[in-house]
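Here is a short briefing on the structure below. The points are grouped by topic.

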Amino acid sequence: MKISYNWIKEYLDLNVKPADLAEKIERTSVEVDDVVKPSDGLKKLVVGHVLSIEAHPDSDHLHICQVDVGEDAPLQIVCGAPNIAEGQMVIVALPGSRIADNVKIKKSKMRGVPSAGMICSLQEIGFPEAVVPKEYADGIYVLPADAKPGDEVYDYLGMNDSLIDLDVTPNRGDMLSLYGTLHDLSAIYDLPVKFDQPAVKEAGEPIADQLSIHVDESLAPQYKMRLVKQVKLAPSPMWLQIRLWNAGYRPINNVVDITNYIMLKYGQPLHAFDYDKFAGEDVYVRNAKAGEKLTTLDEGEHDLDVNDIVIADDKAPIALAGVMGGLDTAIADGTTTVAIEAAVFEHDHIRKAAQRHNLHTDASQRFERGVNRTGLQDALDAAAQMMDELAGGTVQTGTVVAADNVPAPAVIDITMSRVNAVLGTDLNQAKVTHILETLGCDVTADGEKLTVTVPVRRNDIHIPADLLEEIARIYGYDELPATLPTGRMTMGELTTSQKLMRATRHSLEGLGLNQAISYALTTEDKAKMFLMQPSEVTKLAWPMSVDHAVLRMNVITGLLDDIAYNSARKVKDVALYEQGRVFYREDGTERPSEQEHIAGAITGTLLPTAWDAPAQPVDFYQVKGIVAAYLKDMAVNGDVTYVANTDMPEMHPGRTADILVHGHRIGFMGQIHPTIAKKFKIGATYVFELNLQAIIDMPKQENQYDVISRYPAITRDVAMLVDNDVTNDQIVELIEKRGGAFLQSVKLFDVYDGVKVPKGKKSLAYTLTFQDKHETLVDDVVTQAFEKVEKRLQDDLGAEIR
Amino acid sequence: MSLKDKLNELHERGLAEIKKSGDLKDVNQVRVSLLGKKGPITEVLRGMRDLDAEERPKVGAFANEIRDDLTAALAKRREELENAVLNAKLANEAIDVTLPGTPVAKGEPHVIQQIIDQIEDLFLGMGYQVLSGPEVEEDKYNFEMMNLPKNHPARDMQDTFYITKEILMRTQTSPMQARTLETHDFSKGPLKMISPGVVYRRDTDDPTHSHQFHQVEGLVIDKHITMADLKGTLQVLAHELFGDKFDVRLRPSYFPFTEPSVEADITCFNCGGKGCKVCKNTGWIEVLGAGMVHPNVLKMAGVDADVYGGFAFGVGPDRFAMLKYGVDDIRNFYLNDVRFLNQFTKKG
């Protein structure tokens, strides 16, 4: 809602600049989007009198005009507007002027003819297309005949006003009008406002003889009409047009303009019908009937819903109540009798109708938020009075009041101690009472208890908390002290699972992975990949795009999307992890369960290539190292084992392992299947995904000091040839089992399966470290143990010791 | 020539030879030739037998003095030469210290995570719990218990991803207010919590909109919590995230679940409050919504609104990050371009 600074000043003796007023409104009432003075940025735009025009010799549409701009000699200006005519007062952009969008106008030649400036349309000097009167939409604007050549045009067009654009919150429907805003400003500045008192002159027949209205009061608790006859349609006077276009409305004709003007002033939407187009003298406010249709003012055709409220005559609906009037009964050339409607419609119906028909109008917006239930008669009278004064109409006697259920004002009790206890202030009773009174409330006191009667127009105030807001904002939020909560102490501590999640992130970052946050909504295809447990997909009922339509059931695909994004931008080395939730749903349930997961994806090289370190493309074992180090950080209490998994459809069948803790599968890792990589348009990528919730829930190994032996360790190396299908795990397990009491560690130091070993075989070499914690080991003991190991390797695994 | 003169001469000659010695081998030779068993000093000392008993100790002492001096000179020369050798060796080992260091594998927390962690740590220090709630929420918690009944105008269907009629992707972290209010035992102490998490809106992604973003909800309920406490708490938050120079102002606003409702602005960091394009010449930038918890919200969760009350606020870490680092496109946070992620490396 754009509100005019000058208009406000007509009612309120304000002594502040527009920008300061806007700031005050923003800090006390509602947000301000913008403060604009339409003439800002414009320069040297003056009234010109078109003395003569002649056709351009080399053009079929240009005219050469001699224009008096108040200087000694007229200016010659070439103009292409179709509506240019001798004698007009026009807007002239002089040489050196600035018009809209900071465009500079210079002397020039148009098809060889010198032109000293430009005759302007309203659009060219910054008016939005939507507010320019239709008759000037395609040409230059013609100023009133009494405009003085050479004068700046701004005042003639209301362009020196400042327009404050209010972004009214849904609860403050009362601010959608001049009067509502004035009420608030009156409280903010503690200044009185003198509102106009309409003085309608009734001269015609009694309206009751000409019109009866039948209202379903559950749909329209208030409904009134006045009738004005002998109306002469004409353009509105300039002052009215200015009010309208400055508020963002296109002037149309005096009758329609008056209804818009009254809405802006009082906040009460009015509708003007052409009474002569009613099929009879009866008007009905009712629900639409199945199959009824209506063509609205904007020429939109609507199939009406039985929940729509319509205004109807004896034959058919003539308006979609509270939203938009019908075309058939609209004010148009030839209209002489106007029925003016002022009503209140049930807001929920209006909201749904506006949504249903996609017609969000200024009227529907106001009815949705609630209008001033005590202001209908004033608005109606003021409109009738203006139709008399501006359109020569004869106001028929009386008002048809078909329904007039004005709600009782809210009466709210509040105590001073409550006010100060909630706001943290030390306000006295007189101050609080005064604030409430400036807002229009009646206040009676009983000790520290205040009984507050709230004006009906403030339909947002119902409970003590609402009054607290009023007191706080008018008192000023800047005046509130700033303190911290006191009272009983509370512990601020992360839970065990929150601590583990933080530790998870720190661990993986320390291991070289960047944290990613990807989209949890994805495609059905991707949601179903890399599944760690069977689950139904969960789909959005009404997604915005197919890319984000299904809840993820894995974290990896999001990371693969990230890698694809990087890869498409020539970033080839990417190492990411993500901690987030997956959504598993059981068949027959609506709501999925949420499980915390941790996943990683690495492509290219983990370490950036450098002058002293050759690029090492990421491989299975690098990622396994990361997973192992991470699990060690998490101190899961139990053996971590990696078991080849050849069956995951999205994974490389030969390079994938399930990750087990104490025999329970908590995740998997490996290389993604080349066909998946191709699908995502990425290179070889290694991934892991773990059920983080499982890790959180597992018992943990507490740190424990273990004495470091003072006695020397003895090492023995063993190299062996084994069949290809013998695994490292088998060998290590055997060595550990047979290595005796002093075997401290087994470390693989070489793997070879090249040309020097027989086909089907591989060579593995291990270092075994022996140590006694209590005395120096004797070589013989070690040799004995080592030989035992060698023998078992030969016997059990068919190893050939080398 | 007296013995003493002889010694003096030996001394001078010795010092000269030491000085002349060019390497460790020379030094060794000089030492042997001067001080060795067959060397001249030994010889001189042998000649002492011929001296008076009175003279003998004097010359002996003098000879020792000279021997000590030459020994010291030899040691000094040896050290000089050793240093020279070492220095030459080190000079040979010189490297270009401006070559880059060997890369180490190092990852960074996501910038949004950094902001969430910072907020969490601040509030943990003030005795708040950190709670996380479901991302798939019931309509009841997301809307109804937040004082947004089914036909409420502020509840725009367009903005919500519904799964079924009653199940939806949470549009805000506020349902955690209802969930914790429902379960909190006030006899054990006040409720002070923050709840960070992912939220979803039915929006088309563009530079300023994302269908997925983050929120941190804050809630404090006790017997004597004031709006001044809210203001003070938000001030602490702004100072923590942006710095002490930043001021907070409150403006009236509207949320169905708070009354009074406010929006909090902080000093524009682009212009420091003077007014610029970023803050539309106001000197202030809107950063969060807050208010005193609406009595209906307390009542619906079974809390006695006549006894208990307090404040709630909702912070958008995405917006904070955009403002703090001048990120011009919210989509950057979810596309995970590593060149973007690696820009936020400052710790502490």
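Of the 802 residues in chain A, 44% count as buried. The model is predicted.

**Overall form of chain A**

- Chain A contains 19 helices and 41 strands.
- Its radius of gyration is 42 Å, well over the 28 Å from the globule rule for 802 residues, so chain A is more spread out than a compact globule.
- The C-alpha trace of chain A spans about 130 × 85 × 55 Å along its principal axes.
- Take the contacts in chain A between residues at least 6 apart in sequence: 69% of them join residues at least 24 apart.

**Domains of chain A**

- The domain assignment lists domain 1 (8–37 + 162–189), domain 2 (43–157), domain 3 (202–404), domain 4 (411–479), domain 5 (496–697) and domain 6 (714–801).
- The centres of domain 1 and domain 4 of chain A, taken over C-alpha atoms, are 21 Å apart.
- Domain 1 of chain A puts 10 residues into this contact, and domain 4 of chain A puts in nine residues.
- On the domain 1 side, helix 3 (residues 178–189) of chain A gives the most, with five residues.
- That side of domain 1 of chain A has two nonpolar, six polar and two charged residues.

**Contact between chain A and chain B**

- Chain A supplies 79 residues and chain B supplies 74 residues.
- Elements of chain A that give two or more residues to its side include helix 2 (18–28), helix 6 (347–356), helix 9 (416–423), helix 12 (496–510) and helix 14 (556–568).
- Strand 29 (514–515) and strand 32 (574–584) of chain A are also among them.
- Helix 11 of chain A gives the most to this side, with six residues.
- By class, the chain A side has 42 nonpolar, 17 polar and 20 charged residues.

**A helix pair in chain B**

- The axes of helix 1 (residues 3–20) and helix 4 (residues 55–92) of chain B come within 10 Å and cross at roughly 0°.
- The two helices, helix 1 and helix 4 of chain B, are therefore roughly parallel to each other.
- From helix 1 of chain B, the residues in the contact include Leu3(B), Leu7(B), Leu10(B) and Ile18(B).
- From helix 4 of chain B, they include Val59(B), Phe62(B), Ile66(B) and Leu70(B).
- This helix contact in chain B holds 12 nonpolar, two polar and three charged residues.

Notes
Residues numbered from 1 in each chain as written. Chains lettered and ligands numbered in written order. Predicted model: local features only at pLDDT ≥ 70, side-chain atom pairs only at ≥ 80, totals over all residues. Contact = placed C-beta atoms within 7 Å. Helix = DSSP H or I, 4+ residues; strand = E, 2+ residues; numbered from the N terminus. Nonpolar A, V, L, I, M, F, W, Y, C, P; charged D, E, K, R; others polar. Axes fitted to C-alpha atoms, helices over the stretch in contact; angles between N-to-C directions. Parallel < 35°, antiparallel > 145°, perpendicular 65-115°, else oblique. Domains from an automatic or database assignment. Rg over C-alpha atoms; globule rule 2.2 N^0.38 Å. Buried ≥ 20, exposed ≤ 12 C-beta atoms within 10 Å, placed from the backbone.
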